[in-house]
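Take a look at the fold below and follow the chain from one end to the other. We'll go from the overall layout down to a few individual residues.

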Amino acid sequence: MNLSLENRTYVIMGVANKRSIAWGIAQSLSKAGARLIFTYAGERLEKNVRELAETLERSDSLVLPCDITNDDEIKSTFEKIKGEVGVIHGLAHCIAFANTDELKGEYLNTTRDGFLLAHNISSYSLTAVAKEARGLMIEGGSIVTLTYLGGERVLQNYNVMGVAKASLDASVKYLASDLGKDGIRVNAISAGPIRTLAAKGIGDFNSILKQIEEKSPLRRTTTPEEVGDTALFLMSDLSRGITGETIHVDSGYSILG
Ligand code: KAL
């Protein structure tokens, strides 16, 4: 048993640019020899993802559109993947969204539409893609999603996204229970705050990062590479006994009261 992902194929959903956690995961899996298939949401991001994929050692990456709010599109994306590679060995789900104006002030003001939107994109999408990916993981597999501490406890401004992450965390457990008999593991990585495109425009992000630097056991913020290497472990056979779990990759911040 080792960390090698030679002769294996993984789907990475949610690369936006080179700062994306999904890109950190892609690089770690690629270095371990994996073949990668990227999906992106919206034409705006296609060029970024294609350019990044071209920088990888292997030149056989695929880049496909997939709007995870559309069941037909998810189905056809996985049909395309099946046609191209036949079998996949894992999937990284790195997708979340909530309306910016609901990521400040009181959670109480969340609208029904904003609540449903955040849950649809950030939580249900994992279940929707797991359902289609299952049929391609005929040799067993590993599904990894990204969560955040704000789903476990109240963090200022995280609001509806925290409620959506709590839903995602519960989904990880129920999916792990369903898919275990097929040799498919489902786990989450709870990453510390990282300056990504999704985090851009969030007020006070600097002071959040500063607090992590000052207070976390490791006295530094989390990098996409650290998350990527934990994803590599979760995708590899070294983690074969782990499912339904959340691993915090956050410099130890979550142990603090
Ligand atoms: C407590 C923290 C402070 C910030 C509060 C909320 C952060 C929510 C994350 C969520 C994914 C952000 C958005 O959905 C932003 C969106 O409204 C606008 N941005 C975009 O549309 C960009 C262009 C695209 C790329 O973004 C998305 N999401 O598609 C949480 C911090 C400390 C940690 C973070 C950032 C956690 C997390 O969940 O990302």
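Reading from the N terminus, the elements come in the order β-α-β-α-β-α-β-α-β-α-β-α-α-β. That makes seven helices and seven strands in the chain, where helices (H or I, at least four residues) and strands (E, at least two) are DSSP runs numbered from the N terminus. Bear in mind that this is a predicted model, so local features need pLDDT of at least 70 and side-chain atom pairs count only at pLDDT 80 or more, while totals for chains, interfaces and linings use all residues. Residues are numbered from 1 along each chain as its sequence is written, and side-chain values use heavy atoms, with hydrogens and water left out.

Now for the overall build. Along the principal axes, the C-alpha atoms fill a box of roughly 45 × 40 × 40 Å. Of the 257 residues, 50% count as buried, meaning under 20% relative accessible area, with exposed being over 50% and partly exposed in between (1.4 Å probe, protein chains only). Take the contacts (heavy atoms within 4.5 Å) between residues at least 6 apart in sequence: 76% of them join residues at least 24 apart.

What about charge? The chain carries 28 positive and 32 negative side chains, and the centres of the two sets lie 3 Å apart. Here Lys and Arg count as positive and Asp and Glu as negative, with His and the chain ends not counted; each charge is placed at NZ of Lys, CZ of Arg, CG of Asp or CD of Glu.

Helix α1 spans residues 21–31 and is mostly covered, with nine of its eleven residues buried. Trp23, Ile25 and Leu29 are among them. Just after α1, Gly33 takes a positive phi of about 100°.

Next, go to helix α5, residues 159–179, where you'll find Asn159. Its phi is near 45°, a positive value in a residue other than glycine. Is Asn159 buried or exposed? At 12% relative accessibility, Asn159 counts as buried. Leaving aside neighbours within four places in sequence, Asn159 is in contact with Glu102, Leu103, Lys104, Gly105, Glu106 and Tyr107. Within that stretch, the Asn159 side chain reaches the backbone oxygen of Lys104 at 3.4 Å, inside the polar-contact limit (a pair of N or O atoms within 3.5 Å; within protein, one must be able to donate a hydrogen and the other to accept it, and residues adjacent in sequence count only if both atoms are side-chain atoms).

Stay in α5 for Ala176, which counts as buried because its relative accessibility is 7%. With neighbours within four places again set aside, Ala176 is in contact with Val186, Thr243 and Gly244. The C-alpha atoms of Ala176 and Asn187, eleven residues apart along the chain, are separated by 7.6 Å.

Finally, look at the loop between α6 (205–215) and α7 (224–235), where Arg219 sits. Arg219 has a positive phi of about 55° although it is not a glycine, and at a relative accessible area of 52% Arg219 is exposed.
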